[in-house]
Amino acid sequence: MTENIINPKSMSIIVTKGTLDWGYPPFILATTAAAMDVEVTMFFTFYGLGLLKKDLNLKVSTLGNPAMEMPMGGGHMQMPNLLGALPGMTDLTSSMMKDMIKKKGVASIEELREAAILSDVRIIACQMTMDLFEYKHEDMIDGVEYGGAASYMETALKSHINLYI
Amino acid sequence: MADQLLDAKGLNCPLPILKTKKMLQTLEAGQVLEVLATDPGSVKDFAAFCRTTGNEIVEQSEGDGVFKFLIKKSA
């Protein structure tokens, strides 16, 4: 058995969610960590896998998200949970959020993903999820490795920080 | 006097840090990068970035909502 030597500057992140809001934390942390000379591995599984598709059309819903409020006219407007059940509402809240992101100089997920790849963040896509949701390798961006739980565990055992998002 | 200027005004976390890292890679050790940012979080973030990466903030100031950092690249 090989010994697991932990690199003090290393991090792994399991990415399980693929909505516009949940897509940010893993990519922000991964790119910033890489900029601070941390060796980063991201493991994309279940809905997180969607963040690796060539064409992203990420969405955010008010449904199941009672904490969501949008800045409006100097105040904040609570977004009723049930609003998300109406047809077209998820597209509306998603484009509102994307407008805000642009206006406030926040990077897009596409930009952060590109930055992650350019800074040598290791990206592993869960092969089981690929099969389960019938994704093909050509649906995904280049530079992705395909592996499973054992691939993740090998990395996690050597990483100083292991996050699940 | 800085050797390079990075205008990160209007950009939000983590872009100023990512662009700083990229530009530092083009500098020689001992050279100085001037960064301009408007993100109020950048004050704490640049300090943390430099402490972690070994680069040095040699000067720092603020005026008209713009934060200026002079960062000396370590060896």
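In chain B, strands β1(B) and β2(B) pair in the parallel sense over five bridges, where pairing requires that DSSP finds at least two bridges between two strands, and where helices (H or I, at least four residues) and strands (E, at least two) are DSSP runs numbered from the N terminus. The structure is a predicted model, in which local features need pLDDT of at least 70 and side-chain atom pairs count only at pLDDT 80 or more, whereas totals for chains, interfaces and linings use all residues. Residues are numbered from 1 along each chain as its sequence is written, and chains are lettered from A and ligands numbered from 1 in the order in which they are written.

Helix α1 (residues 15–24) of chain B is mostly covered, with seven of its 10 residues buried. A residue is classed as buried if 20 or more other C-beta atoms lie within 10 Å of its own, as exposed if 12 or fewer do, and as partly exposed in between, with C-beta atoms placed from the backbone. The buried positions of α1(B) are L15(B), P16(B), I17(B), L18(B), T20(B), K21(B) and L24(B). Their cover includes α1 and α3 (109–118) of chain A, together with β1 (4–8), β2 (32–37), α2 (42–53) and β4 (66–72) of chain B.

Between the two chains, 11 residues of chain A are in contact with 12 residues of chain B, contact being defined by C-beta atoms, placed from the backbone, that lie within 7 Å. On the side of chain A that touches chain B, helix α1 (residues 24–35) of chain A gives the most, with four residues.

Chain A itself has five helices and seven strands, which follow the pattern β-α-β-β-β-α-α-β-α-β-α-β along the sequence. Its C-alpha atoms fill a box of roughly 60 × 35 × 25 Å along the principal axes, and 31% of its 165 residues count as buried. Among contacts in chain A between residues at least 6 apart in sequence, 73% join residues at least 24 apart.

One such separation in sequence involves C126(A), located in strand β5 (residues 122–126) of chain A: the C-alpha atoms of C126(A) and L49(A), 77 residues apart along the chain, are separated by 7.4 Å. C126(A) counts as buried because it has 25 C-beta neighbours inside 10 Å.
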